[in-house]
Amino acid sequence: MIEFQQVYKTYRVAGRDIPALQPTTLDIQGGQVFGLIGHSGAGKSTLLRLINRLEEPSGGRIVIDGTDVTALDADGLRRFRQRVGMIFQHFNLLASKTVADNVAMPLRLAGELSAAEIDARVAELLARVGLGDHAKKYPAQLSGGQKQRVGIARALATRPKILLCDEATSALDPQTTGQVLQLLAEINRELGLTIVLITHEMDVIRRVCDRVAVMDGGVIVEQGPVADVFLHPQHPTTRRFVLEAEHVDEDEQHDDFAHVPGRILRLTFRGEATYAPLLGTIARDTGVDYSILAGRIDRIKETPYGQLTLALVGGDVESALIRLNAADVHVEVLR
Amino acid sequence: MEALFTHVDWYEIWLATLDTLLMLGGSLLFTVILGLPLGVLLFLTGPRQLFEQKALYGLLSLLVNVLRSLPFIILLIVMIPFTVLLTGTSLGVAGAIPPLVVGATPFFARLVETALREVDRGIIEATQAMGATTRQIIWNALLPEARPGIFAAVTVTAITLVSYTAMAGVVGAGGLGDLAIRFGYQRFQTDVMVVTVVLLLVLVQILQTVGDKLVVHFSRK
């Protein structure tokens, strides 16, 4: 659906070339929610803006749905942009226009529908985002979450196939963030829309994304299905994001565990295995005792997962390990 | 009342007020017609803007700065041949309007440029992302968003024009300022001076109030 072929971007600042994105090859499948995570300056915003050419690539090809968008002329680019929706961190609504006029704007600019058709489409969009009663209001009269809903309605107006989200929840409080993410997931499911979102919060990735790419210094350092990247991060940058999301300080934890006797393991369950009574059964059969040192049971998008850090003491520890390894869990022996 | 305003010829005052209003209305109209596109052009060609054009921006900027640094009284006289060419006369209300417009347009254009710069870049980016043409970005996003700022600019320009019209007496344009100088100052008719000054004050007050109301109305806050 969205293919990057050796795409790179450099900015010229004071006579010197500053690389923003190193040559990158990337394939985003249609219909999925693809997350890009990175700190500010990691190049994620550049990568996102290359998709609809708000940033011009310095080199490489971007092929979307079989069309080389890097080769489009001004007119072709405008028509292509009408098929790509975009929402922003600070909403970027026009303060001078009502909610309905903001949502109607992409349709009026495209000039393909009659006034009556536009009115009907706007009413339908506002109903979808739950703002049917606010059509005549101005953006300044709305809360942050409502403004982002208007942004989403506006982005969907031209029935795009792709929705780009630029830190869409970073200016919102946690509760509103949840509602907006839920709306995005709903849109992805019901309209089959491909969503590319950038964020600096791992929690946003965990809640809505199917795949994630982690960026650092203009390079994608790690990518894969969210569950794999989230539960088994390989790159130090990814590990930092995951630990931040879980509010875990590794050094502190290491000190805490120092005086705990026995073997220390980390078990990762995924899917239905999360709810299986595995630990109890193995403890009974092998005579080991276990204590839970740290743990978390949660969901990644719709998949339940659990991650437990255990200390095993007494009994037949070796055969307990064999039993665990044979079961549907991922085992890491920490000590 | 009669004793207080012995020198005041109310019919003269009425004619002078009409002249001032005519000069103000005519010059404000042409200032906006010429200054708005010039301001938009200054904005678009400016540094890091949609149509960054260093040479053109530099040239326009220089022209605006030169015209703005020229005292209006000098401009009024320098402009005489051009005014005659344009209106057939260098005298009266018609003779005053061209220099008033040339004096106020660069000032207004700068204010428009500033008002447009106040528009959030994110708005322009969002409109670009919708697939808008540059013309659509200007008409559908930039100008509506800058409307409060542009109304404020029109208000400030109108008030500046009121004070310019006072000097237009030099070319025999008449008006309240001219009356104040010829009768109030040169003939020591203090009562005429007081009346004209009060009328100018009322005019400025009305312009500011109406302007402020429009700015608030279009701010949508």
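Author: Chain A averages a pLDDT of 91, and 100% of its residues score at least 70. pLDDT is the predictor's confidence in each residue, on a scale from 0 to 100. This is a predicted model, in which local features need pLDDT of at least 70 and side-chain atom pairs count only at pLDDT 80 or more, while totals for chains, interfaces and linings use all residues. Residues are numbered from 1 along each chain as its sequence is written, chains are lettered from A and ligands numbered from 1 in the order written, and side-chain values use heavy atoms, without hydrogens or water.

Confidence in chain A is lowest in helix 10 (residues 250-257), at a mean of 78. It is highest in strand 7 (residues 162-166) of chain A, at 97. Helices (H or I, at least four residues) and strands (E, at least two) are DSSP runs, numbered from the N terminus. Where pLDDT is low, the predicted coordinates should not be read in detail.

Now the part itself: helix 3 of chain A, residues 99-110. Nine of its twelve residues are buried, so the rest of the structure largely encloses helix 3 of chain A. Buried means under 20% relative accessible area, exposed over 50%, and partly exposed in between (1.4 Å probe, protein chains only). The buried set is V99(A), A100(A), N102(A), V103(A), A104(A), M105(A), P106(A), L107(A) and L109(A). After the helix comes G111(A), with a positive phi near 65 degrees.

What do the buried residues of helix 3 of chain A pack against? In chain A, they pack against helix 4 (115-128) and helix 5. In chain B, their partners are helix 6 (121-129) and helix 7 (134-167). Contact here means heavy atoms within 4.5 Å.

The axes of helix 3 and helix 4 of chain A come within 9 Å and cross at roughly 125 degrees. That makes helix 3 of chain A oblique to helix 4 of chain A. Axes are lines fitted to C-alpha atoms, for helices over the stretch in contact, with angles from 0 to 180 degrees between N-to-C directions. Angles under 35 degrees count as roughly parallel, over 145 as roughly antiparallel, 65 to 115 as roughly perpendicular, and the rest as oblique. The crossing of helix 3 past helix 4 of chain A is right-handed. Handedness is left if the near helix is turned anticlockwise from the far one by less than a right angle, and right if clockwise. Helix 3 of chain A brings V99(A), A100(A), V103(A), A104(A), L107(A) and R108(A) to the contact. Helix 4 of chain A answers with I118(A), R121(A), V122(A), L125(A) and L126(A). An α-helix has 3.6 residues a turn, so residues three or four places apart point the same way.

Next, the helix 5 partner. Helix 5 (residues 144-156) of chain A has a neighbour in helix 6 (residues 174-191) of chain A: their axes come within 10 Å and cross at roughly 20 degrees. Helix 5 and helix 6 of chain A are therefore roughly parallel. Their crossing is right-handed too. G145(A), Q148(A), R149(A), I152(A) and L156(A) in helix 5 of chain A meet residues of helix 6 of chain A, including T176(A), L183(A) and L191(A).

Last, the chain B side. Helix 7 of chain B contains T155(B). T155(B) is buried, at a relative accessible area of 8%. Beyond neighbours within four places in sequence, T155(B) is in contact with L207(B), Q208(B) and G211(B).
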